[in-house]
Amino acid sequence: MQEPRQLRNKYTARFWDALQQNRLMLPRCRDCGHWLFPIGPCCSNCLSDALEWTPLSGKGEVWSFIVYHHAFAPEFKDKLPYNVAIVKLDEGPRIISNVVGIANDEIRNGMRVAAQFDPVDEAHTLLRFRPDATA
Amino acid sequence: MVAAYATQQGEHPDKTAWDLGLEAFRGALQQSGIKRDRIDGLLTETTQDGSGQMEPTRFGQMVGLNPRASGSLHYATAGFTTAYAAGLIASGQCQVVACVYGTNQRTSKFRFHRASDPFGAPYGFLNPAGFAGLGYQRYLHKYDRLADRDKIGAVAIAQRKHAMLNPIALRREPMTWEDYRADRFVVWPLRRSDICLITDGGVCFILADAEIAADLTDHPIYLQGIGRQDALRMLENEDHLLIPHMKSTATQIYERTGVGPRDLDALYVQDAHAPAVILTLENYGFCGEGEALDWIQDGRIELGGELPVNTHGGQLSEGYMVGWLHQVEMFRQLRGEAGARQVPDCELVQFCATGGFREFTLSLVYANQP
């Protein structure tokens, strides 16, 4: 199973560093306005190199979600049943995460959510989302 | 296609993937009478467990081949290998291409624990069923069908009926609606019965230039056309989860072959999960968008119904061989060799596949005539 530290690379290091400071940031293209997710070496929309790390609102909505009743890796066994969701951020990107602070059977498509920053070890924080009617 | 051979599916604890690929390769040669040295192209699919088994150079060495061309595809399916072979033949590089896959991932207990999206691993987004579940949940929401979730059980039940007529299938016991509704959720909204069965086995099929196919075997089946559309921007594409890029593949295959959904005697869907059947029926125009859950009821996709789907049991009941067993079944059906599950007067069939995490789509049409 991959831990966040293994997802850290040349392109994503600043994303993880920002989360560590409780901020959600992604590269944004200065030429076409595209937000990069997944994060890569250039703008995937127009191939420009003019990328600028930019804060996002951390707000969005539940696009789709599932509930795991089987652990495909042992470290998730004691978390069952747990949800995985695609959150569509207000800025556009769709991002895989968990929705926390709510029972799995109360999650709904379109539900407004806001970023929550969950430290997983001394060097990494995971981006999760909690329901937020004001978001 | 001039030969197609499948080994028994299930557990082969004493065999490696190489053994099973070799068994299938030999079986295809013996069954068809094609001499090993007629093979001038070799394509394999390497195993998905990262062990490197079925790597084509070593496999070619094992079976003593110096082909004109060899190669492999890693995470794709049999139809994509067929498209590769068709390119080698159409360009004149090869005349007779053997396509081989073998796997022992059931007894080696490969759990497909890899993340559905590399970024998703820390969140527990593991196994391809995750992506399929997100797709089905989005589908149910989009068409306001969340209360009808269980209607998709018609896919697993139809395919089980077909598998009961297939001696190499892994699961051959009956499945009722009661059985289906009592089945456990693995990744809600998918039950265990909606997800493919990991199996050990081998498949080999041989494709040849249509000009010489009839010299190699009595009853070749003929590839009529190929459609392809990929969507590598994945979740950046609106509704990627519902595989809308299948529509481009559908347009291509139907324009190139002059065949339409109503002309087919049977449909073969690379069914890693039951929702693949739903999305295929809608995106290829067998029924309207949002209608498939109703369209598949009352035996419509069963043998004897309007459109038999996966007459061998598919990957939900026969075994998960990434579409390779579907190729064997099309060969048998078009040659009238499918025994108790034979579709009467079977002349035209279609194969529809999705590969990777929904980013690749492909379709093939085969006929029993050139």
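Tutor: If neighbours within four places in sequence are set aside, Ser363(B) is in contact (heavy atoms within 4.5 Å) with Gly225(B), Ile226(B), Gly227(B), Thr249(B), Ile253(B), Tyr284(B), Gln350(B), Phe351(B) and Cys352(B). Before going further, note that this is a predicted model, in which local features need pLDDT of at least 70 and side-chain atom pairs count only at pLDDT 80 or more, while totals for chains, interfaces and linings use all residues. Residues are numbered from 1 along each chain as its sequence is written, chains are lettered from A and ligands numbered from 1 in the order in which they are written, and side-chain values use heavy atoms, with hydrogens and water left out.

Ser363(B) belongs to strand β11 of chain B, residues 360-367; strands (E, at least two residues) and helices (H or I, at least four) are DSSP runs, numbered from the N terminus. Ser363(B) counts as buried because its relative accessibility is 0%, where buried means under 20% relative accessible area, exposed over 50% and partly exposed in between, with a 1.4 Å probe and protein chains only. Its side chain reaches the backbone oxygen of Phe351(B) at 2.8 Å.

Around this residue, four strands of chain B form an open sheet with mixed pairing, in the order β8-β11-β10-β9; two strands pair if DSSP finds at least two bridges between them. At the edges stand β8 (222-230) and β9 (266-269) of chain B, each of which pairs on one side only. From one strand to the next the twist averages 15 degrees, with axes fitted as lines to C-alpha atoms, for helices over the stretch in contact, and angles running from 0 to 180 degrees between N-to-C directions. Strand β9(B) is joined by four bridges to β10 (residues 348-355) of chain B, and the two run parallel. Val269(B) stands opposite Cys352(B) in β10(B). Packed on this sheet is helix α8 (residues 246-257) of chain B, which touches β8, β10 and β11 of chain B and whose direction makes about 155 degrees with that of β8(B).

Chain B also holds an open sheet of five strands, in the order β1-β7-β4-β2-β3, and there too the pairing is mixed. Its edge strands are β1 (3-6) and β3 (69-73) of chain B, and its twist averages 10 degrees from one strand to the next. Strand β1(B) runs antiparallel to β7 (residues 200-208) of chain B, to which four bridges join it, and Ala4(B) stands opposite Phe205(B) in β7(B).

Finally, consider how chain B meets its partner: 33 residues of chain B are in contact with 36 residues of chain A. The area buried between the two chains, that is, the accessible area (1.4 Å probe) lost on putting them together, summed over both, is about 3,200 Å², of which carbon and sulfur atoms give 61%. Phe119(B), Pro122(B) and Tyr123(B) supply 25% of the area that chain B buries against chain A, more than any other three residues. The side chains of Arg94(A) and Glu238(B) meet in a salt bridge at 2.6 Å, N to O, a term for a side-chain nitrogen of Lys or Arg within 4 Å of a carboxyl oxygen of Asp or Glu. The largest share of the side of chain B that touches chain A, six residues, comes from α4(B).

Notes: A polar contact is a pair of N or O atoms within 3.5 Å; within protein, one must be able to donate a hydrogen and the other to accept it, and residues adjacent in sequence count only if both atoms are side-chain atoms.
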